[in-house]
Amino acid sequence: MLLGKNITLLRSKKIIFENINISLSSGKVVILRGKNGSGKTSFIKTILNLLEPTSGSIYWKGKILQKNLYNYYNNVTYISDKTSSIKQLSVKENIKIWKKMFLSNINYNQIQKILSIFNLDALSHAKVSTLSLGEIKKLELLRLIIENKKIWILDEPLTNLDQDSINVVEQTFVDHCKNDGCILFSSHQDAKIEISEEIRL
């Protein structure tokens, strides 16, 4: 599906990362490791075509990524380390916007079940601005289910989560891969799931 060869990124002549290779296909989980400031977020943004690599090539379904972007983005959900929800709106209102934006077929009962699993059901009418960092992170992760894309790319998805929520996310990762999905995520925490490949930056 997604292939990166010898990807290098320089900024102001400083090497952010150099000659990184990645292969992401159905059922595969790739984790990015590295200290803060090591280039994990920059690598993710490069894979998403938000930053242009200084050298190297990225391919999607055998074509240069830039020539196949529309199809690529139709298959990718990206959860960054920053919130994409509208803080002045409620949890429920944000979900409605995402459902409409991504033409999601997920129904009300499914959403309620997910909210309950993440212990967000009692907060459905609360404004995002009133939520804790962990609650906002869980709300953001709901987009994975709402968008229902094959490729999940996530920047520090386990940060600010309690252990029960981490367990739910890890099981969701496992289920996604069993359904032919694939995942690239960065984390400084140990994940209790089978990792196909580890990239250190």
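Predicted model: local features only at pLDDT ≥ 70, side-chain atom pairs only at ≥ 80, totals over all residues.
Which elements do the buried residues of α5 pack against? The legends below start with that helix.

View 1. Residues are numbered from 1 along each chain as its sequence is written, and side-chain values use heavy atoms, with hydrogens and water left out. Helix α5 covers residues 133-147 and reaches 22 Å from its first C-alpha to its last, close to the 21 Å expected at 1.5 Å a residue (1.5 Å times one less than the number of residues). Helices are DSSP runs of H or I with at least four residues, strands are E runs of at least two, and both are numbered from the N terminus. Of the 15 residues in α5, 12 are buried (under 20% relative accessible area; exposed is over 50%, partly exposed in between; 1.4 Å probe, protein chains only). These buried residues pack against β6 (76-79), α3 (91-101), α4 (108-117), β7 (151-155) and α6 (163-178). After the helix comes N148, with a positive phi near 55°.

**View 2. The largest nonpolar core.** A nonpolar core is a set of buried Ala, Val, Leu, Ile, Met, Phe, Trp, Tyr and Cys residues joined through side-chain atoms within 4.5 Å. The largest one has 33 residues, and I95, L139, L142, L154, F173, I183 and F185 have the most contacts inside it. Helix α5 gives the most to this core, with 6 residues. Leaving aside neighbours within four places in sequence, I95 is in contact (heavy atoms within 4.5 Å) with I111, L115, L139, L142 and I146.

**View 3. Salt bridges of R143.** A salt bridge is a side-chain nitrogen of Lys or Arg within 4 Å of a carboxyl oxygen of Asp or Glu. R143 forms one with E140, the closest N and O atoms being 3.8 Å apart, and another with E147, at 2.9 Å from N to O. R143 and E147 both lie in α5, 4 residues apart, about one turn of the helix. Both are buried. Through shared partners, salt bridges join E140, R143, E147 and K149 into one network. E140 counts as buried because its relative accessibility is 3%.

**View 4. The K82 and D81 pair.** K82 forms a salt bridge with D81, with the closest N and O atoms 3.7 Å apart. K82 counts as exposed, at 57% relative accessibility, and D81 as partly exposed, at 40%.
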